[in-house]
Amino acid sequence: MRYTKRGRLRFTSHRDFQRAFERALRRAEVPMAYSAGFTPHPKVSYANAAPTGTASEAEYLEIALAERRDIAELRARLDESLPDGLDIADAVEALTGDFAEQLAASYWELRLDRVAPAEAEVAVKAFLAAEAVEVRRQTKKGLRTFDARAAVVSLAVPPSEELSAGSRGPHPLPCAILRLVVRHLTPAVRPDDVLSGLRATADLAPPVPAAVTRLAQGPLDEETGTVTDPFAPDREAAGAASTKVAGQRAAAVPGVIV
């Protein structure tokens with residue numbers, strides 16, 4: 001399933017979402033499969049959740065059912081059981097391999113209020129020109145230093161005509177928009193790390209926190225540098241299975257040539 005975090009709900013932590021989703025499973029009466037052991041839990045797998053405070057149009061999870069259900073109806077019932085801003089946007093039956101392996105990259109939008117686009121373009125060029133951009137981040141294992149540049153596939157200030165009204169920030173204050181494609185490496189490079197890199201290479205320091213939205217995540221097309229649909233393999237497998245079943249049914253009817 002693909003779900004979203006919008007508006008004020010972007011400030012929910014991943015643990016908050018887990019609690020909300022498990023309540024939604026109960027309200028929607030989803031026939032969940034459960035783990036074995038003394039404390040069984042519903043089989044739900046969350047993949048590469050966005051940081052707290054980050055909006056997203058492309059968060060993913062997998063659930064295991066004890067009984068087959070219509071996918072469209074299941075998605076709709078779960079969506080109705082979640083608060084506005086946490087929305088189930090899409091769902092498919094898992095028919096291929098490990099889904100988490102499909103999530104190889106993310107496509108982000110960073111809105112920098114009170115930063116002029118021309119200033120942002122200068123900083124982007126400096127960042128991309130650097131062979132390595134070391135940044136530091138506090139982790140559970142302490143302060144860690146790593147190269148933020150290595151994970152960045154593309155970073156650009158898009159032309160103003162490509163932006164929606166909501167992306168341009170409050171008028172008349174300047175607002176720069178950055179579009180970023182980043183590979184999922186270890187350690188993960190987050191948009192905040194790229195902003196730290198822009199500060200290190202070009203002294204770009206937005207006066208207010210950046211508004212960050214994940215627009216997509218999935219397989220990375222190395223030729224175009226774009227992030228593609230991670231559900232595509234499952235949709236193709238479902239289509240092939242439907243075609244096979246239709247052919248078998250047609251072959252069973254006398255006089256029908258397949």
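How many aromatic pairs does the count come to? In this predicted model, the count comes to seven aromatic pairs.

## The pair Tyr 60 and Phe 99

One of these pairs joins Tyr 60 and Phe 99, whose ring centres are 5.4 Å apart and whose planes meet at 55°, so the pair is described as tilted. The two residues come from distant parts of the chain, 39 residues apart, with Tyr 60 in strand E3 (residues 55-63) and Phe 99 in the loop between strand E4 (86-90) and strand E5 (105-113).

Tyr 60 is buried, having a relative accessible area of 4%, and Phe 99 is buried with a relative accessible area of 7%, where buried means under 20%.

## The pair Phe 99 and Phe 231

Phe 99 also pairs with Phe 231, the ring centres lying 5.8 Å apart and the planes at 40°, so this pair is tilted. Because Phe 99 lies in the loop between E4 and E5, while Phe 231 belongs to the loop between strand E12 (226-227) and helix H5 (232-251), the pair ties together parts that are 132 residues apart in sequence. Both Phe 99 and Phe 231 are buried.

## A cluster of rings

Tyr 3, Phe 17, Phe 21 and Tyr 46 are linked into a cluster by ring pairs.

The C-alpha atom of Ser 196 is separated by 6.5 Å from that of Val 135, although the two residues are 61 residues apart along the chain.

Notes. Residues numbered from 1 in each chain as written. Predicted model: local features only at pLDDT ≥ 70, side-chain atom pairs only at ≥ 80, totals over all residues. Heavy atoms only, no water. Phe/Tyr/Trp six-rings, centres within 6.5 Å; stacked < 30°, edge-to-face > 60°. Helix = DSSP H or I, 4+ residues; strand = E, 2+ residues; numbered from the N terminus. Buried < 20%, exposed > 50% of the residue type's maximum accessible area, 1.4 Å probe, protein only.
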